[in-house]
Amino acid sequence: MSKFKKKKSGELPAISTASLPDIVFMLLFFFMVATVMRQNTLMIENKLPYADQIEKLDKKDLVMYIYAGKPSSRYRASAGDQARIQLNDKFAEVSDIKAFILAERAAKREELIPFLTTALKVDGETNMGLVGDIKSELREVQALKINYTTRTGNAVDNLR
Amino acid sequence: MNRRLAPSVNAGSMADIAFLLLIFFLVTTTIQSDSGINKKLPPPLNLERGTFIKKKNLFEVELNRYNQLMVEGELMELSDLKEKAIAFLDNGGGSGIDYCGYCKGDKDLTSSDNPDKAVISLKSSRKTNYATFIAVQNELIGAYTFLRNREAKRLFGKTYSDLEYDLKDVNYLGNQANLKKRIRKIRAMYPQKIVEAELLE
């Protein structure tokens, strides 16, 4: 029985997890600052075509989104399998676009209205007829700045 | 003394709460910003009356319902379109006030006078695929970008794409006003004139 008996070093000391919340909070704040809330839930298929001569669409608050494409499989029973337009979270007709643009404009400050851009997020499989109809509606309400939203890639891939 | 140390709160579940919030934000937000081809639609007033474009200044591109490409009356593959468009825009066949000093084309009298007069008309059928339409648009804009890059390189030693990149770059140290003037000059040399129309069947 010696007084200076060595302690057994068999058990490893537990790693302190006290700083884990700090790390996670840091990640959380990064994501809160760097990202934007998803605006719409897509009810249509939306495989955008490829292009490489593109410009970035910054200032998200100045963009109005018009989606078009075939209804996704979940909505096919109720909405049919022809290409449809989606505005906000609803399927819409071509004639609803004017009201949509006017409502979007009314929600913006007056001095920003000339800078509003309409982003057309149209599925690659859609016919040009529908796109043409959208364009003529936009012309009638003087929403002349548009953006054909695309994915970055080689345009030749569109033909496959 | 009755004062005891305050009991410490167990912070073990703090991480769980933070993770929950983090995952919520990961799911509901998007990090990627959209990009695409910017276009300006013509105003609804019918201004076409009175404007007259000579046939030689018009480059006709048509897409039919089977996604076939016809350029100036003949079938063509997409890969050849850019070259053909560049040849048309850069032709510079005009003389007198229409003379184009910076064009390096063939100076063919049956093709465009100068890039300012040259108009590309893109007609598509109602049945054309949107993806094909975008591919063709992309090639046509690519032709303009090629020519603009060439002229910017010649005049300012920097391509047009670089100029535009600098304009958006907040860390750019040069003169912004000067940069804008340069970009405007290049745009005026090769103004983008692409008319989109519907093909009548």
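## Where the chains meet

A:Tyr148 sits across from B:Ile37 in β2(B). Strand β8(A) and strand β2 (residues 35-40) of chain B run antiparallel, with six bridges between them; strands count as paired when DSSP finds at least two bridges. Helices (H or I, at least four residues) and strands (E, at least two) are DSSP runs, numbered from the N terminus.

This is a predicted model, where local features need pLDDT of at least 70, side-chain atom pairs count only at pLDDT 80 or more, and totals for chains, interfaces and linings use all residues. Residues are numbered from 1 along each chain as its sequence is written, with chains lettered from A and ligands numbered from 1 in the order in which they are written.

## What chain A brings

The contact draws on 50 residues from chain A and 44 residues from chain B; residues touch when their C-beta atoms, placed from the backbone, lie within 7 Å. On the chain A side, α1(A) gives the largest share, nine residues. That side splits into 27 nonpolar, 13 polar and ten charged residues. Here Ala, Val, Leu, Ile, Met, Phe, Trp, Tyr, Cys and Pro are nonpolar, Asp, Glu, Lys and Arg charged, and the others, Gly among them, polar.

## Chain A overall

Chain A has four helices and eight strands, in the order α-β-β-β-β-α-β-β-α-β-α-β along the sequence. Its C-alpha trace spans about 100 × 45 × 35 Å along the principal axes. Of the contacts in chain A with a separation of 6 or more, 78% link residues 24 or more positions apart.

Methods. Two residues are in contact if their C-beta atoms, placed from the backbone, lie within 7 Å.
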